[in-house]
Protein chains: 2
Amino acid sequence: MSSSTPPIVDLHTHMYPPSYINLLSSRTAVPYIHQPSDPNADPRLIILASDDDNSRPKSSRGRPVDSSYSSFDQKRQFMRAHGINCSVISLANPWLDFLNPDSALSTAQGINDDLERACAENNRSEADLKLYAFGCLPLSAPADDVVTEIYRLKTLPHLKGVIMGTTGLGNGLDDPALNDIYSALSSTSTLVFLHPHYGLPDSAFGGPDIIARSGHVLPLALGFPLETTIAVSRMYLSGVFDRHPQLQFLLAHSGGTLPFLAGRIESCVAHEREFIANGGHKQGPQRSIWDVLNSNVYLDAVIYGRPGLTAGIEAAGSVDRVMFGTDHPFFPPLGDDRRVKWLSVESNRGAINASFPHDDEAKRKILGGNAVRVLGLDL
Amino acid sequence: MSSSTPPIVDLHTHMYPPSYINLLSSRTAVPYIHQPSDPNADPRLIILASDDDNSRPKSSRGRPVDSSYSSFDQKRQFMRAHGINCSVISLANPWLDFLNPDSALSTAQGINDDLERACAENNRSEADLKLYAFGCLPLSAPADDVVTEIYRLKTLPHLKGVIMGTTGLGNGLDDPALNDIYSALSSTSTLVFLHPHYGLPDSAFGGPDIIARSGHVLPLALGFPLETTIAVSRMYLSGVFDRHPQLQFLLAHSGGTLPFLAGRIESCVAHEREFIANGGHKQGPQRSIWDVLNSNVYLDAVIYGRPGLTAGIEAAGSVDRVMFGTDHPFFPPLGDDRRVKWLSVESNRGAINASFPHDDEAKRKILGGNAVRVLGLDL
């Protein structure tokens, strides 16, 4: 790549390797892939509980899963259409959360090896379209297996961190049983891309009938970001970042709503009687949430608007901690030629341009410079 | 007041008139006030389901409700200590949502008349500490009764709008049964101060045991803002703002998380197959969410930090739509002399000052000018 062209790096872009497609296709409970009887119809991907609406035929539940989910050719085509030079691909939710504990480690190893191989092959043959990946962890396996895979991932040169959800080992990210895993992530300087999947319970929105009136909008637009916010808030409140001050988390969707609510969280902590019950000695988190945001947290820029992007940059303390992403292959253009520029991508890029109309350096950092620096990408 | 001193108006400040205290004290289910057997102990206010923890004695549930909740003297003392010239007081949550339908209208009328009388008396005797109020609506009564009270409130000169929660008549704010009420609010140009109360279901946070580890932080810091966000999103998605384009809503806590998530909501709507199923004809909301934010929504500035305040101003489209508030008497200093300046107030004022270090006009608008203009206050 010419040194005069700042690279554009997509840090939030998903792939379903063939082995993962096969795994989902073998299942009949969420998450699963349903193959309609009509051979011309796309298979359907049902990954959210709210997608699996028993009142509808399976052939109209969830979303169509076409070849864009598993085709490296189509990933490259998408990258070319949007001027993206490098994609750091990750398995989409719900990753391997649902695996039988006995087979989880070997399945994770197989998928991570597949990702390493695919990136290496791509990078040998493509001069200007580089691929790296976030690996996946066998979180349903015993914690020792997870630690083993964290250390093994450091031997795979194209794997630049891990993606995971909010359940941890099943009890959330404030679970003390995660201690050894957090220690391993810290000592290996492994970046954790935290991504939502489970959303909020239907009752939070008023029940499934209310949700159904607007399709996936409520769970996707509000449930996803809140899941991330709750997960990180629980980590913060339980002192995870006090005990593991070296943890590095990349939060999907610009942190859910954490940048906006950080001040309110800080204020509620400062006014919480529970935390000063013991003779005035503070029992709650020892560090300010702003300090955690400024030293343990990176944000992607998948927020589709300037108000959110601005809040994210201000909350993270610097333009150095926010990084471009697309969420491909989700949110494709509806009913249009998919080779056009995607609205979902252009709205995110538009927010970056609108935030820094006269600051090319800030744009360069968010669009790729930060990812190159933080992940150590060789472009 | 001297014309050279811009007024400071507190738009988010609660009062429990004695009649409301008596009402809550007569109850034993949430919301209720518990009088401990120790005569020196403050009564306890249990207004959230998550406060009513059966594993704790009632004397330690909820929060102490001292005279600051019902004393106009203490409201004035708080105003003086913080340089506040005018307070627009409102009943705190859950207002009158729990009333028997038969008595709801007369109870609402009585409380609204009390508020009118108290403000009028105060303003005759106090030169520089003006009081106005948001009225309450008998939302458990038949819709006709609610409409009657909306029109009657316009005859009470110190009542400058209404405060209400997110349940509407029991089925949320997208309930078609609210149509006549929205029409009455629109035709009377009544500002609706929308405030959360019910939060999120415990399971959203991982259950009551997880919540209890950090006192009220999760429900207050995250549940409250999400309740507001979900309520307004449901209104938006169901077309309430299309059918009632004159509605004026003031959203508590800077809109919950709506300013941050508006772009994501807009993107999810644009990519929702459900909305284009009918031959490409758009079934969803007809207006952009940004248009609604810029013409139907005001935000208070109760957000405790610059990132959130900045996002609120950007999302609302202008510094003219954001207004200072304190949330008094909630979030008092813990264990300290309450006559000092409150951290909860200073952090909000600090965010305003930090956002506009060199723009006195913007500060003047947010701190009071906007409220004077929007509510037509006579200071």
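Trainee: What makes B:Arg306 and A:Glu314 a salt bridge?

Mentor: In this predicted model, the closest N and O atoms of B:Arg306 and A:Glu314 are 3.0 Å apart. A salt bridge requires a side-chain nitrogen of Lys or Arg within 4 Å of a carboxyl oxygen of Asp or Glu, so the pair B:Arg306 and A:Glu314 qualifies.

Trainee: How many salt bridges does the rule find across the interface of chain B and chain A, and how many residue pairs in polar contact?

Mentor: The rule finds six salt bridges across that interface. It also finds twelve residue pairs in polar contact, both residues of each pair being at pLDDT 80 or more. On the side of chain B that touches chain A, at least two residues each come from α6 (208-212), α7 (217-237), α9 (258-270), α11 (306-316) and α12 (343-355) of chain B. The helix that gives the most is α7(B), with 13 residues. By class, the residues of this side divide into 36 nonpolar, 19 polar and ten charged.

Trainee: What area do chain B and chain A bury between them?

Mentor: The size of an interface is often given as the accessible area lost when the parts come together. Here chain B and chain A bury about 5,800 Å², and 70% of it lies on carbon and sulfur atoms. Within chain B, the residues that lose the most area to chain A are B:Phe260, B:Arg264 and B:Leu334, together 16% of what that side buries. The contact takes 65 residues from chain B and 65 residues from chain A.

Trainee: Why are β2 and β4 of chain A said to stand at the edges?

Mentor: The open sheet of three strands in chain A has the order β2-β3-β4, with antiparallel pairing. Strands β2 (32-34) and β4 (63-64) each have a single partner strand, so one side of each is left without a neighbour in the sheet.

Trainee: How do you know that β3 and β4 of chain A pair?

Mentor: Pairing requires at least two bridges between the strands. Strand β3 (residues 44-46) of chain A and β4(A) have two bridges, in the antiparallel sense, and therefore meet the requirement. A:Leu45 has A:Arg63 as its bridge partner in β4(A).

Trainee: Is A:His14 called buried or exposed, and why?

Mentor: The relative accessible area of A:His14 is 0%. Buried means under 20%, so A:His14 is called buried. A:His14 lies in strand β1 (residues 9-14) of chain A. Beyond its neighbours within four places in sequence, A:His14 is in contact with residues including A:Lys75, A:Ile163, A:Asp327 and A:Phe330.

Trainee: What makes the pair A:His14 and A:His195 a polar contact?

Mentor: The two side chains make this contact at 3.3 Å. The cut-off for N or O atoms is within 3.5 Å, and the A:His14 and A:His195 side chains therefore fall inside it.

Note on methods:
Residues numbered from 1 in each chain as written. Chains lettered and ligands numbered in written order. Heavy atoms only, no water. Contact = heavy atoms within 4.5 Å. Buried area = accessible area lost by both parts, 1.4 Å probe. Polar contact = N/O pair within 3.5 Å; in protein donor to acceptor, adjacent residues only side chain to side chain. Helix = DSSP H or I, 4+ residues; strand = E, 2+ residues; numbered from the N terminus. Nonpolar A, V, L, I, M, F, W, Y, C, P; charged D, E, K, R; others polar. Buried < 20%, exposed > 50% of the residue type's maximum accessible area, 1.4 Å probe, protein only.
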